[in-house]
Amino acid sequence: MDHPNEDHNRVQFPILSSELTAALGAIEDMADDTDAVPDSVVRGRPPAIFRAGGPMLKQFDESTASSRKGSQAPTPPRSVVGIGNKVAKPDYSEAKIVLAMVGLPARGKSYLSNKLMRYLKWLEYDVQVFNVGQLRRSRAHRKAQQSGILEDHTSSYFSHNNVEATKLREQLAEDSLEMLIRWLKRGGNVAIHDATNSTRMRRAKISARVAKEKGMSVIFLESICNDPAVIAANVALKVSSGDPDYKDLPREEAERDFLRRIKEYEAVYETITEPHLSYLRITDVGNEVTLSRINGYLQSRIAFYLMNLHVKPRNIFLSRHGESQFNVEGRIGGDSLLSERGLAYAHALPELVRNNIGDAPLIVWTSTLQRTIQTAAELPYPKLTWKSLDELDAGVCDGMTYEEIEQAYPEDFANRDEDKFNYRYRGGESYRDVVVRLEPVIIELERQENILIFGHQAILRCLYAYFHDLPQADLPYINVPLHTVIKLTPKAYGCDEERYTLPIGAVDTHRPKPGSTVSPPDVVPASTTKREYFGTNM
């Protein structure tokens with residue numbers, strides 16, 4: 001429902017600001033995808049115009065086409081000397097945004113803030129969440145350790161009629177904001193103020209404080225949830241996941257108290273209607289999105305990402321293609337067919353997938369290269385091919401073995417080992433380039449439900465790092481073995497993982513990080529879905 005006092009310039013679909021249009025074009029840069037996702041197999045919202053593969057995202061940069069062509073000769077001309085270079089990290093130093101969350105408890109604020117943080121970090125922005133609840137619990141915990149005094153943080157603490165507690169909570173919010181501003185001054189790009197910020201007075205204080213800082217801007221992100229089932233699930237998660245506020249209370253009593261806390265906030269809650277504020281209002285995690293005064297590239301990029309999220313239960317399956325003939329020969333890149341063992345993997349996949357998916361709908365994505373298409377051939381599900389999912393382009397080294405590269409180009413071989421994420425093959429790509437071209441894939445993955453991706457080693461490393469929030473320095477060394485299906489289950493605060501390895505032999509293509517003597521075992525990482533209640537920067 002629109003509010004009568006809202007800014008008359010509020011953005012409504014499909015009208016786009018020039019900044020948002022520019023951002024959408026930049027996002028799809030280097031993503032030459034030949035197939036759009038049909039409306040029948042994707043969520044109907046936001047409009048298809050915003051969707052990866054939609055008309056706004058088919059503005060491809062033709063100047064990069066040469067670096068995305070398929071394999072040519074199996075070996076490069078030996079006259080080439082100095083094959084590549086290192087790619088510098090983009091300069092985001094001018095980007096200084098305070099993103100202040102707004103919303104009642106159990107409405108998904110922390111979910112949105114953590115998803116956004118993971119996405120922007122994956123794109124190499126420096127992002128940090130400053131959670132006021134974590135600050136409150138951290139200080140109470142320190143006080144209990146030092147003085148033995150336990151503070152009462154049950155629902156009465158959050159009552160507007162509790163004058164003393166209200167002052168304490170306001171001070172916590174202001175302290176968190178000051179910490180956030182200091183962090184931005186030290187070089188951060190996006191600082192997220194994760195709190196209710198539920199009154200006009202609180203939002204006015206935030207706006208006034210940020211306005212004093214040169215080069216900083218503030219956006220408010222309001223999360224509204226009208227779905228009783230989602231709210232109930234969020235409440236249950238809150239009281240069952242180790243929240244210190246309810247450490248010694250039975251679950252039923254904890255739920256009742258938390259619902260009373262929500263009522264206390266509802267009594268004073270004021271939705272955003274201030275016409276001068278920059279804000280996004282997200283209702284039911286993507287069912288409806290309102291934008292007002294969103295300006296500039298980064299703000300538009302944030303808005304575009306957030307409006308593609310949903311919270312429906314789903315699984316994302318990642319698998320490399322079956323063992324290829326080039327894998328057997330130790331060659332990189334190329335467009336070779338599967339080996340005999342690779343074909344056996346493709347033949348065994350339908351039963352494995354059926355046993356883990358059942359009758360649930362599933363869409364299969366492949367690259368345009370033969371080995372992924374062959375691997376998916378026997379699966380009875382809708383299939384889409386993505387040019388963006390093609391393997392990292394090795395340029396003039398395409399089709400060579402690592403031994404041949406080391407012999408022909410020893411200096412460049414050493415440079416790549418020294419900084420694998422940033423090293424770019426001449427005529428080819430770096431891991432950083434791959435992350436850029438995979439951004440539309442991430443946006444579409446966030447819109448979808450059950451997806452099975454057949455990709456390549458470098459591609460799956462980049463996608464895996466996004467879902468598990470892994471640092472870029474470690475990304476090129478993630479072990480993604482052949483003939484293994486990785487099942488990722490996105491949760492509120494991270495991602496659960498299971499692995500299914502078929503008993504079909506394959507070569508080991510993993511090259512450990514220089515200085516490491518052995519390849520790491522195929523150990524499923526610990527769950528990343530646990531919520532942090534005390535924080536790390538308090």
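## Basis of the model

This is a predicted model, in which local features need pLDDT of at least 70 and side-chain atom pairs count only at pLDDT 80 or more, whereas totals for chains, interfaces and linings use all residues. Residues are numbered from 1 along each chain as its sequence is written, and side-chain values use heavy atoms, with hydrogens and water left out.

## Overall content

The secondary structure of the protein comprises 15 helices and 14 strands. Helices (H or I, at least four residues) and strands (E, at least two) are DSSP runs numbered from the N terminus. Of the 538 residues, 55% count as buried; buried means under 20% relative accessible area, exposed means over 50%, and partly exposed lies in between (1.4 Å probe, protein chains only). Among contacts with a separation of 6 or more, 75% are between residues 24 or more positions apart, where contact means heavy atoms within 4.5 Å.

## The six-stranded sheet

Six strands form an open sheet in the order β10-β9-β12-β8-β13-β14, with mixed pairing. Its edge strands are β10 (383–385) and β14 (494–501), each of which pairs on one side only. From one strand to the next the twist averages 20°. Two strands are taken as paired if DSSP finds at least two bridges between them.

Strand β12 (451–455) has five of its five residues buried, and is therefore largely enclosed by the rest of the structure. In a regular strand the side chains alternate between the two faces of the sheet. β12 pairs with β8 in the parallel sense over five bridges, and Ile451 in β12 is the bridge partner of Ile316. The pairing of β9 with β12 is also parallel, over four bridges, with Leu452 of β12 as the bridge partner of Val364.

Helix α10 (residues 340–357) lies across β8 (316–320), β12, β13 and β14, and runs at about 30° to β13. Helix α14 (residues 431–447) lies across β8, β9 (363–366) and β12, and runs at about 175° to β9. Axes are lines fitted to C-alpha atoms, for helices over the stretch in contact, and angles run from 0 to 180 degrees between N-to-C directions.

Because 16 of its 17 residues are buried, α14 is largely enclosed by the rest of the structure. The helix reaches 24 Å from its first C-alpha to its last, close to the 24 Å expected at 1.5 Å a residue; the expected span is 1.5 Å times one less than the number of residues. α14 bends by about 40° at Leu438, and Pro440 follows within four residues. The bend at a residue is the angle between axes fitted to the seven residues ending there and the seven starting there. At the N-terminal end, Ser430 caps α14, with a side-chain oxygen 3.2 Å from the backbone nitrogen of Arg432.

## Two buried serines in loops

Ser336 is found in the loop between α9 (325–329) and α10, and is buried with a relative accessible area of 9%. A polar atom of the Ser336 side chain lies 3.3 Å from the backbone nitrogen of Phe326, and the C-alpha atoms of these two residues, ten residues apart along the chain, are separated by 6.1 Å. Not counting residues up to four places away in sequence, Ser336 touches Ser324, Gln325, Phe326, Gln370 and Arg371.

Ser155 lies in the loop between α3 (132–147) and α4 (163–185), and is buried with a relative accessible area of 9%. A polar contact of 3.1 Å joins the side chains of Ser155 and Asp257. Such a contact is a pair of N or O atoms within 3.5 Å; within protein, one must be able to donate a hydrogen and the other to accept it, and residues adjacent in sequence count only if both atoms are side-chain atoms. Ser155 touches Asp257, Arg260, Arg261 and Glu264, not counting residues up to four places away in sequence.

## Strand β5 and its partners

Strand β5 (residues 217–224) is mostly covered, with six of its eight residues buried. β5 pairs with β2 (residues 97–102) in the parallel sense over six bridges, and Val98 stands opposite Val218 in β5. Five bridges join β5 to β6 (residues 279–283), and these strands run parallel; Ile282 in β6 is the bridge partner of Ser223.
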